[in-house]
Amino acid sequence: MEAVQNLLMGFSVALTPMNLLMAFVGSILGTLIGVLPGIGPAAGSAMLIPLTFSMDPTGAIIMLTALFYGTQYGGTITSVLLNVPGEAASVVTCLDGYQMAKQGRAGVALSVAAVGSFIGGTFATICLVFAAGPLSRWALEFGPVEFFSLLLLGISLLMGLAGKSMIKALMMGVFGLALAMVGTDPTKGVPRFTFGVMELLDGIGFIPIIMGLFGLAELLENAEKSLAQTVLAKMSSLIPTRQDVRDSAGAIVRGSLIGTALGLIPGITNSASSFLAYIAERKSSKHPERFGTGMIQGVAGPETANNAHANGALIPLFTLGIPASPTIAVIMGAFLMHGLIPGPFLFKEHPALAWGVIASFCIGNVMLLILNLPLIGMWVKVLKIPYGILCAVIMGFLILGSYSVSNSAFDILVMTIFGVIGYLLRKLEFPLAPVVLTLILGPMMERSLKQSLEISQGSFLIFLKSPLAVVFLVLTALVLLLPSLKFFRRSKEAISGEEPV
């Protein structure tokens with residue numbers, strides 16, 4: 001009952017004209033970013049943060065979160081119409097969505113995807129409403145010892161699941177922590193790792209870094225590819241048949257459960273939810289051999305899971321203060337820049353903002369459901385713009401966004417340098433997510449660690465005196481060591497399987 005009352009209070013905040021406008025703007029921009037190659041939700045969110053400096057914090061967060069889950073809708077359009085996924089999570093949608101389009105059923109595929117996305121996102125939001133109270137009250141009992149251990153577990157989960165190589169993920173995590181330490185020591189007040197550069201005294205801004213790693217690096221990578229595509233000239237009716245509804249109903253339910261559950265785990269991307277939902281549909285189908293030929297379940301399940309994951313991934317941020325993905329880490333950075341700390345204290349100190357933003361998730365999903373299909377024609381026209389022009393426009397936004405953070409050309413230089421670094425790291429298959437997460441969480445981890453050691457007078461045994469901290473640390477060790485144990489086991493099996501010479 002308390003959760004319902006809090007949600008109603010949130011709707012009273014979210015339904016104000018300005019906050020409705022912010023949800024609308026975020027939804028439209030998110031769809032646009034999802035449609036266009038070369039930006040991505042992380043860089044797109046980072047570009048908008050400077051515009052929110054003078055805005056009301058509630059409206060700013062509403063716009064950024066609407067942009068985040070709006071990108072999931074946009075990627076569906078190009079997957080179905082062009083066989084080109086706007087986002088990694090929409091890759092699996094191409095398998096059956098594009099085949100449906102070739103059969104003249106693109107409208108049905110897009111309408112079922114939109115409805116499934118709405119249901120999945122709404123289901124995850126309802127889970128957040130009822131989980132927020134218990135989880136935040138539980139987290140309020142955390143001290144610096146438990147908080148540090150929890151942050152360490154969150155980062156280890158992201159590193160363990162970020163890429164194919166644990167070593168590369170750890171290297172990127174250390175790289176992010178090193179970047180987070182640049183600036184002025186918070187305890188002693190002396191410069192560290194600034195090398196005499198005055199602009200580094202306040203640290204390296206995370207917005208230019210993210211714009212470079214995700215925005216500029218994506219542009220450089222896309223410059224190597226030929227992105228010219230042929231857009232389908234005609235689109236069928238948007239109304240699905242009764243059989244389409246029956247076939248997709250179960251897929252939507254399963255996708256909602258899979259996406260929400262996996263969204264809770266830091267490091268699991270929404271593309272993993274989409275692929276798992278697709279696999280679940282094939283396993284549950286009486287005709288798995290037909291998948292890839294235009295099965296509506298192959299669109300409904302992954303697209304539902306995709307949006308359920310996006311909204312479900314916000315649960316750890318709002319209740320525990322842990323970002324589950326690079327984009328959510330950017331949104332967390334927006335919280336911090338507005339003087340807000342996401343987590344249990346947010347519900348205690350700023351309940352109107354917290355519940356207003358949560359209520360806006362329902363409003364934003366309704367907006368996307370209403371706007372997504374009528375505006376498909378407009379998005380297709382946007383895709384007809386030559387990519388060279390789009391690239392120049394995106395580059396202009398990256399430069400303006402970097403400069404406006406502190407009105408300094410130094411930030412443009414930082415964005416450019418990290419754009420080149422991000423491009424090279426992509427080529428070498430290094431995961432970028434650990435860099436962003438440790439960059440954002442690094443200062444919080446350092447503060448919690450120092451507070452813990454001050455309490456214990458420098459003894460690390462304090463982490464073994466808290467049962468909860470011990471559980472978090474054991475889980476962290478398991479996450480980091482299991483890949484190594486599997487590697488050694490495979491190596492041992494390979495050696496034992498060799499015949500002696």
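View 1. Q457 is exposed, because its relative accessible area is 77%. Exposed means over 50% relative accessible area, buried means under 20%, and partly exposed lies in between (1.4 Å probe, protein chains only). Q457 sits in the loop between helix 20 (433-455) and helix 21. Helices (H or I, at least four residues) and strands (E, at least two) are DSSP runs, numbered from the N terminus. Q457 is not a glycine, yet its phi is positive, at about 60°. Most residues other than glycine have a negative phi.

This is a predicted model: local features need pLDDT of at least 70, side-chain atom pairs count only at pLDDT 80 or more, and totals for chains, interfaces and linings use all residues. Residues are numbered from 1 along each chain as its sequence is written, and side-chain values use heavy atoms, with hydrogens and water left out.

**View 2. F193, a loop residue with positive phi.** F193 lies in the loop between strand 2 (191-192) and helix 9. Its phi is near 55°, a positive value in a residue other than glycine. F193 counts as partly exposed because its relative accessibility is 47%.

**View 3. A network of salt bridges.** D185, R192, E446 and K450 are linked in this network. A salt bridge is a side-chain nitrogen of Lys or Arg within 4 Å of a carboxyl oxygen of Asp or Glu. The side chains of D185 and K450 meet at 3.5 Å, N to O. This pair links distant parts of the chain, 265 residues apart: D185 is in the loop between strand 1 (183-184) and strand 2, and K450 is in helix 20. D185 counts as buried because its relative accessibility is 12%. K450 is partly exposed, with a relative accessible area of 24%. The side chains of E446 and R192 form another salt bridge, at 2.8 Å, N to O. E446 belongs to helix 20 and R192 to strand 2, 254 residues apart. Both E446 and R192 are buried. A search of the whole structure finds 7 salt bridges.

View 4. E221 forms a salt bridge with R426, and the closest N and O atoms are 3.2 Å apart. E221 lies in helix 9 and R426 in helix 19 (residues 409-427), so the pair ties together parts that are 205 residues apart in sequence. E221 is buried, at 18% relative accessible area. R426 is partly exposed, at 22%. L220 is also found in helix 9 (residues 206-222). L220 counts as partly exposed, at 33% relative accessibility. It touches G419, V420 and Y423, not counting residues up to four places away in sequence. Contact means heavy atoms within 4.5 Å. L220 and G422 are 202 residues apart in sequence, but 9.5 Å apart in space, C-alpha to C-alpha.

**View 5. F335 in the largest nonpolar core.** This core has 127 residues, and F318 and F335 have the most contacts inside it. A nonpolar core is a set of buried Ala, Val, Leu, Ile, Met, Phe, Trp, Tyr and Cys residues joined through side-chain atoms within 4.5 Å. Helix 4 (residues 57-82) gives the largest share of this core, 13 residues. Leaving aside neighbours within four places in sequence, F335 is in contact with I61, L317, F318, L340, P342, L346 and L353. A second, separate core has 5 residues, including I258, L262, I268 and A305.

**View 6. T31, a buried residue of helix 2.** T31 is found in helix 2 (residues 17-35). T31 counts as buried because its relative accessibility is 4%. Beyond its neighbours within four places in sequence, T31 is in contact with G70, T71, G74, I77, L368, N372 and W379.

**View 7. Helix 16, largely enclosed.** Of the 22 residues of helix 16, 16 are buried, so this helix is largely enclosed by the rest of the structure. Helix 16 (residues 351-372) reaches 31 Å from its first C-alpha to its last, close to the 32 Å expected at 1.5 Å a residue. The expected span is 1.5 Å times one less than the number of residues.
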